[in-house]
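Q: Hi, can you walk me through this one? I'm new to reading structures.
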Amino acid sequence: DELTKAAEAPGADGANAVSQAIAAVIDDAARRKRALLDQQVEQARGLAAEQKWSEAAPILRKVLAQAPDHAGAQELTPSVLVKLADQLAA
């Protein structure tokens, strides 16, 4: 709605309105992707709490492949991998 109003305002620059619309779409897509990754990390955290290390590890690997800087995945991954290694060694 705001973009439509800006585009229809007297003296509006159509190229600027299009640029704003594209930026808004990109920002929304980035927010949605980040929310999905956050949800996957929480799923992995739940699996880790249940000591399902072999199920949590691939989820974390997938998150880090898409967002290497994801703090939640970076925090959880080392402990999951250590516990998985311990489990496999046992």
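A: Let's start with T77. Setting aside neighbours within four places in sequence, T77 is in contact with L60 and L64. Keep in mind that this is a predicted model.

Q: Where is T77 found?
A: T77 is in helix 4.

Q: And is T77 buried or exposed?
A: T77 counts as buried, because its relative accessibility is 14% and the cut-off for buried is under 20%.

Q: Which residues make the contact between helix 3 and helix 4?
A: On helix 3, they are W53, S54, A56, A57, L60, V63 and L64. On helix 4, they are A73, Q74, L76, T77, V80, L81, K83, L84 and Q87. So T77, L60 and L64 are all part of that contact.

Q: What classes are in that contact of helix 3 with helix 4?
A: There are 11 nonpolar, four polar and one charged residues.

Q: At what angle do helix 3 and helix 4 pack?
A: About 145 degrees, with their axes 9 Å apart. Helix 3 covers residues 53-66, and helix 4 covers residues 71-89.

Q: Is the crossing left-handed or right-handed?
A: Helix 3 passes helix 4 in a left-handed crossing.

Q: New topic. How many salt bridges does the structure hold?
A: Five. Side chains of opposite charge can pair when their charged atoms come close.

Q: Which residues are linked in a network of salt bridges?
A: D28, R31 and R32. D28 meets R31 at 3.9 Å, N to O. D28 also forms a salt bridge with R32, where the closest N and O atoms are 2.9 Å apart.

Q: How are D28 and R31 placed along the helix?
A: Both are in helix 2, residues 14-49. They are three residues apart, so about one helical turn separates them.

Q: What about R32 and D28?
A: R32 and D28 are four residues apart in helix 2, so they too are separated by about one helical turn.

Q: Is R31 buried or exposed?
A: R31 is exposed, with a relative accessible area of 51%. R32 is exposed too, at 59%. D28 is partly exposed, at 30% relative accessibility.

Q: Which residue does R34 meet in a salt bridge?
A: D38, at 4.0 Å, N to O. R34 and D38 are four residues apart in helix 2, so about one helical turn lies between them.

Q: And how accessible is R34?
A: R34 is partly exposed, at 34% relative accessibility. D38 is also partly exposed, with a relative accessible area of 34%.

Technical notes:
Residues numbered from 1 in each chain as written. Predicted model: local features only at pLDDT ≥ 70, side-chain atom pairs only at ≥ 80, totals over all residues. Heavy atoms only, no water. Axes fitted to C-alpha atoms, helices over the stretch in contact; angles between N-to-C directions. Helix = DSSP H or I, 4+ residues; strand = E, 2+ residues; numbered from the N terminus. Left-handed = near helix turned anticlockwise from the far one by under 90°. Contact = heavy atoms within 4.5 Å. Nonpolar A, V, L, I, M, F, W, Y, C, P; charged D, E, K, R; others polar. Buried < 20%, exposed > 50% of the residue type's maximum accessible area, 1.4 Å probe, protein only. Salt bridge = Lys/Arg side-chain N within 4 Å of Asp/Glu carboxyl O.
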